[in-house]
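Me: I should like to learn how to read the packing features of a protein model. Could we begin with charges and aromatic rings?

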Amino acid sequence: MIRAMRALITGINGFVGSYLAEYLLAEGRHEVWGMTRAPGRLPAFLQGRVTEVHADLSDAEATMRAIVAARPSVIYHLAGQPFVPESFREPAGTLSTNTLGALHIFLSLIELRSPARVLVVGTNEEYGKITEADLPISEDTPLRPANPYGVSKAAQSLLALQYHLSHGLDIVRVRPFTHIGPRQNERFVTAAFARQIARIELGLQPPIVQVGNLSARRDFTDVRDMVRAYALLMEHGESGEVYNAGSGRAVMIRELLDILLEESTARVEVRLNPELMRPIDIPLVVCDGTRLRERTGWEPRIPLRQTLRDILNYWRAEVRRAEGSTA
């Protein structure tokens with residue numbers, strides 16, 4: 001059991017990283033450090049509570065300097081390019097960002113002879129093209145990534161395993177399934193829906209929500225539950241092992257939209273936009289999280305409707321704020 005840790009979070013200024021920092025701070029057993037590319041990128045609500053170090057993870061020397069400065073007991077590696085459509089537009093950049101960053105962390109730990117434990121955060125996109133026989137998806141399901149993002153994360157995971165086996169690095173890997181919540185970038189599905197609805201409620205756009213594929217079914221977890229799983233894995237996960245993290249329940253995208261529309265005060269038309277369709281989309285994804293549950297006891301706690309209500313309220317506030325700043 002790990003106690004009184006100095007935790008370094010890469011990608012602390014991102015959606016998940018900021019929630020993880022808040023969770024670790026609230027837990028009260030961590031001195032939290034955050035790695036960002038440059039000063040001024042730390043979210044305002046973390047300023048004064050987190051110690052910053054700065055490095056572009058594509059730069060091996062800068063990564064080394066940041067780790068030397070932080071002297072972490074544990075490293076949560078969340079930094080990377082997380083957006084599937086962007087990975088089709090910039091496959092080389094996605095592959096480089098998501099593999100070199102992890103590699104430079106591993107090489108730094110070897111050079112420093114650091115015993116730091118690392119949680120490498122992957123994605124269910126590593127499994128890719130799922131067949132009905134694969135469901136629910138366990139950690140033993142073959143990796144058949146269907147987009148460059150999934151390829152990059154599979155490569156990152158294999159690098160992590162390799163450096164655990166070859167150099168004894170204390171690395172735990174996790175493959176989270178879809179996680180959502182307030183503060184998520186509007187390029188992601190629930191945020192995109194909620195932002196449009198919030199703008200419609202204020203009369204800032206016509207009462208039409210543009211959508212992509214609504215028939216896909218995904219395994220959704222609140223980000224606040226997901227970061228709790230990460231912390232539990234850092235404490236209880238078996239070194240070298242990989243764990244799926246998800247709710248174990250598949251929900252159709254259409255159902256998410258319907259709940260958001262039920263929560264809305266506006267009457268809205270739903271309109272398909274072909275530009276929002278992915279080149280390849282897997283119809284059904286559902287997680288088998290038995291290994292994580294048996295190792296840590298983790299279960300998601302936040303109901304889906306509460307998550308969606310929180311997302312919509314967040315975007316209502318954001319749209320009002322943005323509108324007020326331009327008035």
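Reply: A charge is taken to sit over a ring when NZ of Lys or CZ of Arg is within 6 Å of the ring centre and within 35 degrees of the ring normal. The model here is predicted. In it, the charged end of R187 sits over the ring of F83, 4.3 Å from the centre of that ring. R183 has its charged end over the ring of Y19, at 3.8 Å from the ring centre.

Me: How many aromatic pairs are there, and how does one read their geometry?

Reply: Planes over 60 degrees apart count as edge-to-face, under 30 as stacked, and the rest as tilted. The count comes to five aromatic pairs. In one of them, F83 and F188, the ring centres are 5.2 Å apart and the planes lie at 65°, so the pair is edge-to-face. The pair links distant parts of the chain, 105 residues apart: F83 is in the loop between β4 and α3, and F188 in the loop between β7 (179-180) and α6 (189-201). F83 is buried, at a relative accessible area of 8%, whereas F188 is partly exposed at 23%.

A further pair, F106 and Y163, is tilted, with 5.8 Å from centre to centre and 45° between the planes. This pair also links distant parts of the chain, since F106 belongs to helix α4 and Y163 to helix α5, 57 residues apart. F106 counts as buried at 1% relative accessibility, and Y163 counts as buried at 11%.

Me: What span should helix α5 have, and what is the distance between its end C-alpha atoms?

Reply: An α-helix has 3.6 residues a turn, so residues three or four places apart point the same way. At 1.5 Å a residue, the 20 residues of α5 (residues 148-167) should span 28 Å, and the end C-alpha atoms are 28 Å apart, in agreement. The buried residues of α5 include P148, S152, Q156, L159, Y163 and H164. Among the elements that cover the buried residues of α5 are β4 (74-77), α4 (91-112), β5 (117-121) and β6 (171-176). G168 follows α5 and has a positive phi, near 75°.

Me: Is H30 buried or exposed, and which residues are in contact with it?

Reply: The cut-off for buried is under 20% relative accessible area. H30, in strand β2 (residues 30-36), counts as buried at 10% relative accessibility. A polar contact of 3.3 Å joins its side chain to that of E27. Leaving aside neighbours within four places in sequence, H30 is in contact with M5, A7 and L24.

Me: How should the chain as a whole be described?

Reply: Its secondary structure comes to ten helices and 13 strands. The radius of gyration is 20 Å, close to the 20 Å that the globule rule gives for 327 residues, so the chain is as compact as a globular protein of that length. Buried residues make up 52% of the 327 residues. Among contacts between residues at least 6 apart in sequence, 78% join residues at least 24 apart.

Terms used:
Residues are numbered from 1 along each chain as its sequence is written. This is a predicted model: local features need pLDDT of at least 70, side-chain atom pairs count only at pLDDT 80 or more; totals for chains, interfaces and linings use all residues. Side-chain values use heavy atoms; hydrogens and water are left out. Helices (H or I, at least four residues) and strands (E, at least two) are DSSP runs, numbered from the N terminus. The expected span of a helix is 1.5 Å times one less than its number of residues. Buried means under 20% relative accessible area, exposed over 50%, partly exposed in between (1.4 Å probe, protein chains only). Contact means heavy atoms within 4.5 Å. A polar contact is a pair of N or O atoms within 3.5 Å; within protein, one must be able to donate a hydrogen and the other to accept it, and residues adjacent in sequence count only if both atoms are side-chain atoms. Rings of Phe, Tyr and Trp (its six-membered ring) pair if their centres lie within 6.5 Å; planes under 30 degrees apart count as stacked, over 60 as edge-to-face and the rest as tilted. The radius of gyration is taken over C-alpha atoms; the globule rule is 2.2 Å times the number of residues to the power 0.38.
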